[in-house]
Amino acid sequence: MSFTPTTSNNKPHSRWSDKQSKVLTTLAQEFTLSTAQLEQLTVAFIEQMHAGLAGDQKSTDLAMIPTFVSGRPDGHERGSYLALDLGGTNLR
């Protein structure tokens with residue numbers, strides 16, 4: 001996969017020198033992953049999530065808190081509801 005620095009309309013950026021374009025291309029290549037690498041990362045991430053949900057904090061750095069949501073709104077709800085956002089940092 002190759003990378004060519006472009007403007008927002010996908011035309012090569014004319015203000016960048018050849019050296020700048022080479023640096024950007026090299027940098028982009030460092031962040032480019034193959035399909036196989038993405039699949040490996042996905043498998044590892046899912047394994048870490050399962051370990052975190054199982055409470056196995058010794059084998060994962062990804063702590064997970066199980067949800068206690070038992071259903072989703074389906075449009076037939078009536079009355080008043082209170083929604084709380086218990087995010088990772090804030091309580092809203």
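1. In which helix is Thr-25 found? Thr-25 is found in helix α1, residues 18-30. Helices here are DSSP runs of H or I with at least four residues, strands are runs of E with at least two, and both are numbered from the N terminus.

2. A note on the source: this is a predicted model, in which local features need pLDDT of at least 70, side-chain atom pairs count only at pLDDT 80 or more, and totals for chains, interfaces and linings use all residues. Residues are numbered from 1 along each chain as its sequence is written, and side-chain values use heavy atoms, with hydrogens and water left out.

3. The protein chain has two helices and zero strands. Of its 92 residues, 8% are buried. Buried means under 20% relative accessible area, exposed means over 50%, and partly exposed lies in between (1.4 Å probe, protein chains only). The chain exposes about 8700 Å², and 57% of this comes from carbon and sulfur atoms. Such areas come from the Shrake-Rupley method with a 1.4 Å probe; for residues, only the protein chains shown count as cover.

4. Thr-25 counts as buried because its relative accessibility is 19%. A polar atom of the Thr-25 side chain lies 2.8 Å from the backbone oxygen of Ser-21.

5. Helix α2 has 19 residues and reaches 27 Å from its first C-alpha to its last, close to the 27 Å expected at 1.5 Å a residue. The expected span is 1.5 Å times one less than the number of residues. Gly-55 follows α2 and has a positive phi, near 80°.

6. Met-49 is found in helix α2. With 26% relative accessibility, Met-49 counts as partly exposed. Leaving aside neighbours within four places in sequence, Met-49 is in contact (heavy atoms within 4.5 Å) with Leu-62 and Met-64. The C-alpha atoms of Met-49 and Ala-63 are separated by 7.6 Å, and these residues are 14 apart along the chain.

7. Thr-67 has its place in the segment after α2. Thr-67 counts as exposed, at 59% relative accessibility. Its C-alpha is separated by 9.9 Å from that of Leu-53, 14 residues apart along the chain.

8. Among contacts between residues at least 6 apart in sequence, 6% join residues at least 24 apart.

9. Leu-82, Leu-84, Leu-86 and Leu-91 form a nonpolar patch on the surface, with about 520 Å² of accessible area together. For such a patch, residues need over 30% relative accessible area and no salt bridge, and nonpolar side chains (Val, Leu, Ile, Met, Phe, Trp, Tyr) are joined within 5 Å, like charges within 9 Å. A salt bridge is a side-chain nitrogen of Lys or Arg within 4 Å of a carboxyl oxygen of Asp or Glu. Leu-86 is exposed, with a relative accessible area of 66%.

How values were computed:
A polar contact is a pair of N or O atoms within 3.5 Å; within protein, one must be able to donate a hydrogen and the other to accept it, and residues adjacent in sequence count only if both atoms are side-chain atoms.
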